[in-house]
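Biologist: I have a structure open and would like to go through it with you. Can we start with the aromatic rings?

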Amino acid sequence: FREQPIFSTRAHVFQIDPNTKKNWVPTSKHAVTVSYFYDSTRNVYRIISLDGSKAIINSTITPNMTFTKTSQKFGQWADSRANTVYGLGFSSEHHLSKFAEKFQEFKEAARLAKEKSQEKMELTSTPSQESAGGDIQSPLTPESINGTDDERGTPEVTQNSEPRAEPTQNALPFTHSSTISKHWEAELATLKGNNAKLTAALLESTANVKQWKQQLAAYQEEAERLHKRVTELECVSSQANAVHTHKTELNQTIQELESTLKKKEEEIEGLKQEIDNARELQAQRDSLTQKLQEVEIRNKDLEGQLSDLEQRLEKSQNEQEAFRNNLKTLLEILDGKIFELTELRDNLAKLIECS
């Protein structure tokens, strides 16, 4: 392929809601690979991400694009060609900063490439070049964005080592505890994903609340100004009919503003409710984390008990083996004594017969 990945990372992908232009809509259920691609033939940089076989990001970097960090782990940029805004949620601030640095670097490279291309076209433009066709996108396959060596070298999940075979009765507590621990770990992972989404929604809601408060203050100032204007017109104007008409229009405007204010207040109350729900989910996550820690402590205790039982079993087996060896020794001695007594009996019997 003429396009090659030059930098890859993993992030949760979002797009702006096309209807509201405010809320973020997740386009991937989990973190996916997001890669910068470079087309050496056309000297073009693109950001591409696949969720399975579906391309959820296909954005060509242009000199007028800007990548904005909206929080410590979230960034966004607008793509006018795709008529959307992309958002990326990273696992750490370091990954976000690295992605932003690469975006700025490739944006500058795209600007230089565009300037060189324009200079070249101005110097060597011909009718055949002016009639040349548009760009053709290169084929996109899942194999083309496998990520960099650093990305491939870091496994997503750490595999558990194979457990050593133990006696069934002694291993039952440990197996049961391990199952409980895995269950809580899965619950915690799910809550972490939900927490990341709620955090992004909470940040967006907080920004919307601030904006609506500013709008509310502006509407209140406008309403006060209109009320003062109505009073001035009633006192100053000598044309009662014109003043009455103007007053009616202003009153209608005031009613519309009051209705808008009421709607904004209802929206603010809804956002407060969402914030309270997010806090409740945070409390649940903390509770589950504490339970998981308790399960891990209990798991360690059970492992210690299992180790003690194994030592006691081994000691008991050694004692039984020593007892068997002692019994064998006694049996051999007893057989020897029985043989000697038999010979003594035979000798006594011969003496009796001879006498």
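Modeller: Ring pairs join Phe 7, Tyr 36, Tyr 38, Tyr 45, Phe 67, Trp 77, Tyr 86, Phe 90, Phe 99, Phe 103 and Phe 106 into a cluster. Keep in mind that this is a predicted model.

Biologist: How many aromatic pairs does the count come to?

Modeller: The count comes to 14 aromatic pairs. One of them is Phe 67 with Phe 99, whose ring centres are 5.4 Å apart. Their planes are at 55°, so this pair is tilted.

Biologist: Where in the chain are Phe 67 and Phe 99?

Modeller: Phe 67 is in the loop between strand E5 (54–60) and strand E6 (68–69), while Phe 99 is in helix H1 (residues 93–124). They are 32 residues apart, and the pair links distant parts of the chain.

Biologist: Is Phe 67 buried or exposed? And what about Phe 99?

Modeller: Phe 67 has 12% relative accessibility, and buried means under 20%, so Phe 67 counts as buried. Phe 99 is buried too, with a relative accessible area of 0%.

Biologist: New topic. Which strand is Ser 35 in?

Modeller: Ser 35 belongs to strand E3, which covers residues 32–39. Its relative accessible area is 0%, so Ser 35 is buried.

Biologist: Which side chain does the side chain of Ser 35 join in a polar contact?

Modeller: That of Ser 8, by a polar contact of 2.7 Å.

Biologist: Now the backbone. What is phi of Asn 43?

Modeller: Phi of Asn 43 is near 55°, which is a positive value in a residue other than glycine. Asn 43 sits in the loop between E3 and strand E4 (44–51). Asn 43 is partly exposed, with a relative accessible area of 32%.

Biologist: And what is phi of Asn 83?

Modeller: Phi of Asn 83 is near 55°, again positive in a residue other than glycine. Asn 83 is in the loop between strand E7 (74–79) and strand E8 (84–89).

Biologist: Why does Asn 83 count as exposed?

Modeller: Because its relative accessible area is 61%, and exposed means over 50%.

Biologist: Last one, the surface. Which residues form a nonpolar patch there?

Modeller: Phe 323, Leu 327, Leu 330 and Ile 333 do, with about 400 Å² of accessible area together. Ile 333 lies in helix H5, residues 240–354.

Biologist: What is the relative accessible area of Ile 333?

Modeller: The value for Ile 333 is 47%, so Ile 333 is partly exposed.

Key: Residues are numbered from 1 along each chain as its sequence is written. This is a predicted model: local features need pLDDT of at least 70, side-chain atom pairs count only at pLDDT 80 or more; totals for chains, interfaces and linings use all residues. Side-chain values use heavy atoms; hydrogens and water are left out. Helices (H or I, at least four residues) and strands (E, at least two) are DSSP runs, numbered from the N terminus. Buried means under 20% relative accessible area, exposed over 50%, partly exposed in between (1.4 Å probe, protein chains only). A polar contact is a pair of N or O atoms within 3.5 Å; within protein, one must be able to donate a hydrogen and the other to accept it, and residues adjacent in sequence count only if both atoms are side-chain atoms. Patches are made of residues with over 30% relative accessible area and no salt bridge: like charges are joined within 9 Å, nonpolar side chains (Val, Leu, Ile, Met, Phe, Trp, Tyr) within 5 Å. Accessible areas come from the Shrake-Rupley method with a 1.4 Å probe; for residues, only the protein chains shown count as cover. A salt bridge is a side-chain nitrogen of Lys or Arg within 4 Å of a carboxyl oxygen of Asp or Glu. Rings of Phe, Tyr and Trp (its six-membered ring) pair if their centres lie within 6.5 Å; planes under 30 degrees apart count as stacked, over 60 as edge-to-face and the rest as tilted.
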